[in-house]
Amino acid sequence: MISAGARVRDTLFVTDGRGAKITSPERQRELRAATVLIKHFTHLLPRSPNPEAALTHFHEYLGELFARPSWPDELASLERPEVLDALARLLGVSEFLWDDFLRMQYENLFPVVADVEGLGQARGQDELRSELAAALKGGDWRERLNEFKDREMFRIDMRHILGQTGSFAARFSVELTDLVEVVVGAAAEQVEREVRAQHGRPLDADGNPARLVVAGLGKCGGRELGFASDIELMFVFDGGAATAGAGETDGPRPIGVPEYYEKVVVETTRAI
């Protein structure tokens, strides 16, 4: 410690977890980056609902950041004041939200937080469908579908936390319901394409296409979804002019229409 008039200059020695000197250039770079981020972040803590929790969670957030190979690129977005401000408010919302959601959503957290400006705009069903269709191309469509679902759910939650959705019923519930309709619809279409490839088209007793309708019930049907709402669905298929289920598929491995749509229902619910 050195004193100069009314000012005191401290020298702090920082070591790694084993108490050894940090000599690796990569670790030194991480340390410098963390120091700058924490310095700027602490200035924004008074805006957080819970400053102590926000700082603790920010420490964990940085740990995850530096574990990512692309952390220098991620760091560039984090250094922006508006991004740090959003993080201060987000990470101090509640222990429940952090422990049960944010901590498990790092892959979604980084890109969403980096696009703070984009959080100001709601995404309608047309935009969601277009983005999801592009995301489903190539790879495991079930995995890509759920990555999209998780990312968009997190985005809607962030919009709500940051006051971008207005009143709860006005936009938040509507945005969640729009996402449900797009995800469930895409899952049903993908599954039916797979079942149809095995068994052919489902036809009613008169040889007409047997159609399927997926209906949302409860709060989903009323567009009133909240944080803990269940998604209640009813699958209704066309049974034909004669007895219900009298039709069958027209493929090389024909099965009855009820069996066909039972496969569709089971695999759709598994997919999401």
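Rings of Phe, Tyr and Trp (its six-membered ring) pair if their centres lie within 6.5 Å; planes under 30 degrees apart count as stacked, over 60 as edge-to-face and the rest as tilted. The model is predicted, so local features need pLDDT of at least 70 and side-chain atom pairs pLDDT 80 or more, whereas totals for chains, interfaces and linings use all residues. Residues are numbered from 1 along each chain as its sequence is written, and side-chain values use heavy atoms, with hydrogens and water left out.

**Exercise 1.** Determine how many aromatic pairs the ring rule gives, and classify them.

*Solution.* 
Step 1. The count comes to two aromatic pairs.
Step 2. Phenylalanine 237 and tyrosine 261 are stacked, because their ring centres are 5.4 Å apart and their planes stand at 20°.
Step 3. This pair links distant parts of the chain, 24 residues apart: phenylalanine 237 lies in strand β5 (residues 232-237) and tyrosine 261 in helix α11 (residues 257-271). Helices (H or I, at least four residues) and strands (E, at least two) are DSSP runs, numbered from the N terminus.
Step 4. Tyrosine 260 and tyrosine 261 form an edge-to-face pair, with 4.9 Å from centre to centre and 90° between the planes.
Step 5. Phe237, Tyr260 and Tyr261 form one aromatic cluster.

**Exercise 2.** State whether phenylalanine 237 and tyrosine 261 are buried, partly exposed or exposed.

*Solution.* 
Step 1. Buried means under 20% relative accessible area, exposed over 50%, and partly exposed in between (1.4 Å probe, protein chains only).
Step 2. Phenylalanine 237 has 31% relative accessibility and therefore counts as partly exposed.
Step 3. Tyrosine 261, at 2%, counts as buried; tyrosine 260 is buried as well.

**Exercise 3.** Describe the surroundings of isoleucine 156.

*Solution.* 
Step 1. Isoleucine 156 belongs to helix α8 (residues 141-161).
Step 2. Its relative accessible area is 5%, so isoleucine 156 is buried.
Step 3. Leaving aside residues up to four places away in sequence, isoleucine 156 touches Thr165, Phe172, Glu175, Leu176 and Leu179; contact means heavy atoms within 4.5 Å.
Step 4. Between isoleucine 156 and leucine 176, 20 residues apart along the chain, the C-alpha atoms are separated by 7.2 Å.
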